[in-house]
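User: Please take a close look at one part of this model: its aromatic pairs and what surrounds them. Keep it brisk, and give the cut-offs.

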Amino acid sequence: MKKFLIICCIVLLFFSALGVALWMTLPSISTYLGTQFLGKAIGGSVQIGRLEPGYSNGMVTIVIHDLAMKGAVEGTIKDARLQFNPWKGLYIKAVSVSDFDLTVKDSGGKVSLIPVPVELAEFRQGSLTYRGQKYIVRELKVKNFNTGGNLEFELDAGAEGFGNVKTKGGGFFKDKRSDIQGDLSFSRVDLSRILKGYEGLLSGAGNFTYKDGKFIFTTDVEASDFSMREAFLKKPIRLKHDAAKARVELAGAKTELKFENLSFKGVPVRLNIGLSGKYFASLELQTGPLSVPDVKEYINLAPLAKRGSDVLDLLTEGTITVKKLSYTEPKPFRAEFYLGDVAAAYQKIAVRDVEGTVSLDEQRMVFSHAKGSYQRSKFSDVSVDVPFAAEKYIEARGSFALDMRDVSGMEGLEDFSVTSGMAEGQAEARGREDTAIEVFGSGRLKDVGFLWKRLALEASGAYSFRDGLVNFESLVLSRGKTELVLNGPVQKGSVRLNLKGRIAAEEIKSLVHLPYPFDGVVFAEGAFAKEQESYSARGDLSFKDVSLEVPGLIKKEKGVESVATANVRWGQGLTRVEGLTCTLADAIFQASGDVTKDRIVNLKVALSAPQLETISKLFFSDRMQAAGSLQLKLSAADLRFPLTELPLIDGELRLANGNLRLPYFVKPLADIDLAADLKGGKSIINLTGLRIGSTVVRKATLSVEALKSQRFSVMIDMKNFEPADLATPEKKKFRIPVIGKESLMAKLAGDFDIRAERVAEEDLLANDAELTGVLINRHLGLSRVSGKVFGGTLSLEGKADLSRALPSLDFSCKAQDIRGGLFLRLFDPDSQILEATGAVTANLSTVGRDSDELLGNMSGEVAVSSHDGIIRKWNLLSKILGILNVYDFFRGKVNLLQTGLPYTRAGFTLKGDSGLFKTEDFLIDSSSMVIAGSGNVNLSDKTMDAKLIVSPMVTLDRTVDKMPILRSIFKRKEGGFLYVAIDAKGPLRDPEVHPSYVETLGKRPIDLLKNIFMLPKGVFEQ
């Protein structure tokens, strides 16, 4: 472009020089015909220093020296020679001028000339000043000027400060009908003198024509130290040396400079510049593909078109081809660009491979036939019309092929991952700059695979969108047996979808982890809506074709009618169940209410199951069976969680002829008749029938006061109670519950009275048992525990503190006239005692949550006595007899189960702390032997460590007769009896027994043993 301007300046210089030379100096040739004619031509006067006329061969010759002129042309001519034929009128044969210095005054570019024919005109070594610019004419030769013949001319001249020019040519010349052509060369033309903002020295050579008043010059141009400054350039363009081809067209005061073969960083450039006089008038530019960084580095479109500058700022890489850029004063700016492989970025959106045409003027910017890509997505045939007037509408349209994987990283879709598929369609946009842009269009989803949380599905179908709203016309979500059809609008903060179809069990399990067999299809039909942070759902779900089994709890086979209908709203911490109905076979469940994080308001629940056995057979597993008729209807105005006080509930519950087998109990619950009348402040629940195995409840009543008192009262009347009926499949440790400070039980107070006509636990039998007590302030008080046990009486009282991390128990117990085996069962639960009568007194305390902790922390005192009994089974006694009756032991004749060991009295006293109890007075007094002992019993690990003294007495005669050593002892004249010391250590059920030593005693061994062990008096007096 700069080179083109330089060439234009050269052409302008040439045009000025040639114009002045031909139009201003040629009239001076005619002055040789006479000062009158010359003076008239210049509008002034002429003085001649010396005139030398002559005549030869019919030709007049005039030589003039020292010519001076004043007027439109002023100056001097040193020598001039004129030759003409007077017989032809004003016809000049030849004229020559040398050593001249002339100044042409500005007369609007026009000088009056007399059309005098001249066959030959020559100018040498002179200067010509025109409009302040001085031109040097080294030689000018013109032939056949206005003679009607072929015009020829040669010029060697220059402009002071501009450079030099040489030209040679010819043709026909007569005003605007002239037709002239020739060659022209120039050198070292100073561009800064021609165009403002340009620098450099120009040289070149070419040919020209002048026809019909238009001068055209085509030349090759070379520029050195070139520099160009323009308002649309961010910084000057500088070149050390370059070459180009230029074309100059002059018509009056207008000049057109056309450049070809220009090069900017290796890219070809075509440039046309129009001048009016010396002033810029127009610009036209064409280029090859320029790199975007180079364009952004040099070009500033803001002075020409501000929006063009805005677009240019978005581009990051690629090429821009200027197909046409024009600017004509005062007409508007126009441009057309072609973008190739362009990358652009706006905020977080980056596009690449952009191709298309951009048309730009002062009124609008138009993109057409654009295409490109965004990540893996494509867009094509994009047209955008952007008017710059605020009241005009921006319009855009195009096609897109969106790779759905590109949407996974968008804001708000963090839990949504697309794995495959395309969204194809067409989009349009329309809007004004001062209002929102409306975007609309339509398309189709094709084989879109996505993963939401753990649910993988495929989506296909048609959609349309407008201004941020997407309307699914028939979106199909599918995978395997799952197929859902969605219809409805979706936009930011709002969703309204209708859905219908089926959901396979595999997809449900992918969302909700179910470690149980689950198969089939759920049929769904309904609607889902979302408005900002509020949601709603309504519809029907059919589970008829679903099978589900939770081992030991639930088993539902396919084919069972099961439907759920719901209308639910939720959001902002509130879930409103406007209606929920579930049917299973002939059972119906209904519910409604408002649920928050910590409360349920306006709760209404109803359940009707006229035939529980039908549901049980169809739904429950084999381990869980139910029968009877159940009716439930409840309502509560306000339920707060966690429950810290009894809620106000109204309604009723009826269970008739109920039977229930639960996996938590070995034996089923049968013959259940239950009626509950809930009346808000006071409710009564009556159980008029219940049987579990051999346990029979005749009546039970629970009354609850839920207003100020927060009290309850429990009464249970049982005909028979066997604790074994409440056994569970898996044995668990007995644990005492703890009542939390803020729990519902902490605020409750109440009393209970439990009676049983008969209680049986293994061989423990009690009649007329009764347990009464109270619960208050997390303390349980047993005011009375009584009953008839084995023909005797049992009474117990105590208390339990359930307010601490470890519950504490304190109780006292007294049993009298008890028949049975309580004596030895404290040591060996498998022992057997018949026909004994005894008594037990105990005062004990302990802390702990389970049985092990309670036994390990037990403290207190226990006294046990028994008389007139027979021991039939006791591991410790069997081992003692085995040691004493050695002969029969090895022959297998000792058998307690057949004969037993009768005793008259037995007993002991235990005192202990932290689970370790000691006894000093263990005694079994039998007619066959006496066993006395002392030692420790550890309740934590159920072990013993004791020393026993056994005196065989009468029944050992056979042993004495058979054993020589013993016979010699017992047969001594002074007499005496044998006793054996035995160590017993190990588990209470089966301790290890070892003899310690053998010795004899004097008379009355029993009295002596009594004195040794200091047995309590009461043990033998009972």
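Are F100 and F123 buried or exposed?

Analyst: F100 is buried, and F123 is buried too. Buried stands for under 20% relative accessible area, exposed for over 50%, and partly exposed for what lies in between, with a 1.4 Å probe and protein chains only.

First, the ground rules. This is a predicted model, with residues numbered from 1 along each chain as its sequence is written; local features need pLDDT of at least 70, side-chain atom pairs count only at pLDDT 80 or more, and totals for chains, interfaces and linings use all residues. Side-chain values rest on heavy atoms, without hydrogens and water.

Now the rings. Rings of Phe, Tyr and Trp (its six-membered ring) pair if their centres lie within 6.5 Å; planes under 30 degrees apart are stacked, over 60 edge-to-face, and the rest tilted. That rule gives 10 aromatic pairs. One of them is F100 with F123, edge-to-face, at 6.1 Å centre to centre and 80° between the planes. This pair links distant parts of the chain: F100 belongs to strand β4 (residues 92–104), F123 to strand β5 (residues 118–130), and 23 residues separate them. Strands (E, at least two residues) and helices (H or I, at least four) are DSSP runs, numbered from the N terminus.

Y463 and F465 give a stacked pair, with 6.3 Å between centres and 25° between planes. Both Y463 and F465 are buried. Elsewhere, ring pairs join F153, F208 and F215 into a cluster.

Charges also meet rings. The test is NZ of Lys or CZ of Arg within 6 Å of the ring centre and within 35 degrees of the ring normal. R430 places its charged end over the ring of Y393, 4.0 Å from the centre. R466 lies over the face of F440, at 4.4 Å from the ring centre.

For context, here is the whole chain. It holds 15 helices and 56 strands. Of its 1022 residues, 43% count as buried. Take contacts (heavy atoms within 4.5 Å). Among those between residues at least 6 apart in sequence, 48% join residues at least 24 apart. The accessible surface is about 53,300 Å², and 54% of that belongs to carbon and sulfur atoms. Areas come from the Shrake-Rupley method with a 1.4 Å probe; for residues, only the protein chains shown count as cover.
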